[in-house]
Amino acid sequence: QVQLVESGGGWVQTGGSLRLSCAASGGTFSRYAMGWFRQAPGKQRGMVAAITSADSIRYADSVKGRFTISRDNAKNTVYLQMNSLKPEDTAVYYCAADTTYGRLWVTPDYWGQGTQVTVSS
């Protein structure tokens, strides 16, 4: 059983930056594909960025060029650096993990509890 704990959310003005962290425990972190999702009020949860165990990366079009996902296998942690934040980035951000990259995008095995990001205009 893998436990995921997000941190780093908060309030920021438009154009600002935040870095989210997701610490994993209970599994072999390096074997998991990791992803960040977000859910805004009244909207469905959607993938923001994902990174495979081989460090292949994919981003949602809405965050390309502004967000950067990375992982540190020695620290069992995945990060999401968010720059040039916009009000439409306001959402609860969730970390997710799965041993299968394809399944990560649909029904990940493990979820964190979420962290709120609020971007004011």
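**Disulfide, cavity and selected residues**

Reply: A search of the whole structure finds 1 disulfide, meaning a pair of cysteine sulfur atoms within 2.5 Å. This is a predicted model, where local features need pLDDT of at least 70, side-chain atom pairs count only at pLDDT 80 or more, and totals for chains, interfaces and linings use all residues. Residues are numbered from 1 along each chain as its sequence is written, and side-chain values use heavy atoms, with hydrogens and water left out.

Me: Which residues form the disulfide?

Reply: Cys22 and Cys95 do, with sulfur atoms 2.1 Å apart. The torsion about their S-S bond is about -80 degrees, so the disulfide is left-handed.

Me: Where do Cys22 and Cys95 lie?

Reply: Cys22 lies in strand E3 (residues 18-25), and Cys95 lies in strand E9 (residues 91-98). The pair therefore ties together parts that are 73 residues apart in sequence. Helices (H or I, at least four residues) and strands (E, at least two) are DSSP runs, numbered from the N terminus.

Me: Is Cys22 buried or exposed?

Reply: Cys22 is buried, at 0% relative accessibility. Cys95 also has 0% and counts as buried. The cut-offs are under 20% relative accessible area for buried, over 50% for exposed, and in between for partly exposed (1.4 Å probe, protein chains only).

Me: What else is in strand E9?

Reply: Asp98 is found in strand E9. Asp98 is buried, with a relative accessible area of 0%.

Me: What does the side chain of Asp98 reach?

Reply: It reaches the backbone nitrogen of Asp109 at 2.9 Å. That is a polar contact: a pair of N or O atoms within 3.5 Å, where within protein one must be able to donate a hydrogen and the other to accept it, and residues adjacent in sequence count only if both atoms are side-chain atoms.

Me: And which residues is Asp98 in contact with?

Reply: Leaving aside neighbours within four places in sequence, Asp98 is in contact with residues including Tyr32, Arg103, Pro108 and Asp109. Contact means heavy atoms within 4.5 Å.

Me: Pro108 came up there. Where is Pro108?

Reply: Pro108 is in the loop between helix H1 (101-104) and strand E10 (110-111). Pro108 is buried, with a relative accessible area of 9%. Beyond neighbours within four places in sequence, its contacts are Phe37, Ala96, Ala97, Asp98 and Arg103. From Pro108 to Gly16, the C-alpha atoms are 30 Å apart in space, and the two are 92 residues apart in sequence.

Me: New topic. How many cavities are there?

Reply: The count comes to 1 cavity of 30 Å³ or more. On a 1 Å grid over the protein atoms alone, a cavity is a set of points where a 1.4 Å probe fits but cannot get out, and lining residues have an atom within 4 Å of a point.

Me: How many Å³ of space lie in the largest cavity?

Reply: About 50 Å³. Grid points are joined across faces, edges and corners, and a volume is the space filled by probe spheres set on the points.

Me: What lines the largest cavity?

Reply: Val2, Phe29, Tyr32, Met34 and Asn76 are among the lining residues. By class, the lining has 5 nonpolar, 5 polar and no charged residues. Here Ala, Val, Leu, Ile, Met, Phe, Trp, Tyr, Cys and Pro count as nonpolar, Asp, Glu, Lys and Arg as charged, and the others, Gly among them, as polar.

Me: What is phi of Asn76?

Reply: Phi of Asn76 is near 55 degrees, a positive value in a residue other than glycine. Asn76 sits in the loop between strand E7 (67-72) and strand E8 (77-82). Asn76 is partly exposed, with a relative accessible area of 27%.

Me: And Thr77, buried or exposed?

Reply: Thr77 is buried, at 9% relative accessibility. Thr77 lies in strand E8. A polar atom of its side chain lies 2.8 Å from the backbone oxygen of Lys75. Not counting residues up to four places away in sequence, Thr77 touches residues including Cys22 and Phe29.

Terms used
1 Å grid on protein atoms, 1.4 Å probe; cavity = no way out; pocket = protein on both sides within 12 Å on 5 of 7 lines; lining within 4 Å.
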